[in-house]
Amino acid sequence: MNDLLLARNSADDIPGFRRHLILRFQQGISQAITAILKHHEGQLHREWTVEDLVQDVFTRLFENQGAKLRTFQGHNGCSLATWLRTVAARHTLNFLRHRYLNDQTLDGASGELTDARIQDADEAIMHSEAVAFIRAAVT
């Protein structure tokens with residue numbers, strides 16, 4: 001089935017299409033999330049974290065009448081699988097960014113984040129995001 005048609009029909013909530021999209025791409029999304037978590041946390045990530053993030057990705061794709069899913073255009077030969085892995089990677093990096101910032105707030109002596117600590121976190125996340133994006137484009 002054509003990727004653009006699958007995305008549109010899933011966004012429109014036509015019976016069976018969302019289920020098909022989930023079954024077809026769930027494993028790839030899970031693998032993308034797992035790879036990022038392993039990169040950032042080694043083997044310390046929990047399986048439920050991956051499952052929760054996969055569920056979050058699909059929830060965000062389908063909320064608001066599939067608004068996020070409707071943004072898929074398939075430009076420049078980008079497949080739906082690649083686009084979904086990119087969406088999952090960005091969602092996971094945002095999750096890690098928020099967790100990192102929360103951890104820094106809890107660990108900080110004054111309880112406040114300094115601009116330098118925020119910049120360090122953002123630079124690390126941006127670097128990881130660039131690496132993940134390149135890997136997704138290559139695979």
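At the start of helix 1, a side-chain oxygen of Asn-2 comes to within 2.6 Å of the backbone nitrogen of Leu-4. That pair falls under the heading of a polar contact (a pair of N or O atoms within 3.5 Å; within protein, one must be able to donate a hydrogen and the other to accept it, and residues adjacent in sequence count only if both atoms are side-chain atoms). Before going on, please keep in mind that this is a predicted model, where local features need pLDDT of at least 70, side-chain atom pairs count only at pLDDT 80 or more, and totals for chains, interfaces and linings use all residues. Residues are numbered from 1 along each chain as its sequence is written, and side-chain values use heavy atoms, with hydrogens and water left out.

Stepping back to the whole chain, you will find five helices and zero strands, in the order α-α-α-α-α along the sequence; helices (H or I, at least four residues) and strands (E, at least two) are DSSP runs, numbered from the N terminus. Of the 139 residues, 35% are buried, where buried means under 20% relative accessible area, exposed over 50%, and partly exposed in between (1.4 Å probe, protein chains only). Among contacts (heavy atoms within 4.5 Å) with a separation of 6 or more, 62% join residues 24 or more positions apart.

Now back to helix 1. Its buried residues are Asp-3, Leu-6, Ala-7, Asn-9, Ser-10 and Ala-11. Helix 1 is followed by Asp-13, which has a positive phi near 60°.

The axes of helix 1 (residues 3-11) and helix 2 (residues 17-41) come within 8 Å and cross at roughly 125°. Helix 1 is therefore oblique to helix 2, since angles under 35 degrees count as roughly parallel, over 145 as roughly antiparallel, 65 to 115 as roughly perpendicular and the rest as oblique. Helix 1 contributes Asp-3, Leu-6, Asn-9, Ser-10 and Ala-11 to the contact, while helix 2 brings Phe-17, Arg-18, His-20, Leu-21, Arg-24 and Phe-25. By type, the residues of this contact are five nonpolar, three polar and three charged (Ala, Val, Leu, Ile, Met, Phe, Trp, Tyr, Cys and Pro count as nonpolar, Asp, Glu, Lys and Arg as charged, and the others, Gly among them, as polar).

Finally, look at Ser-79, in the loop between helix 3 (47-66) and helix 4 (80-107). Ser-79 counts as partly exposed because its relative accessibility is 25%. Leaving aside residues up to four places away in sequence, Ser-79 touches Asp-3 and Phe-72.

How values were computed: Axes are lines fitted to C-alpha atoms, for helices over the stretch in contact, and angles run from 0 to 180 degrees between N-to-C directions.
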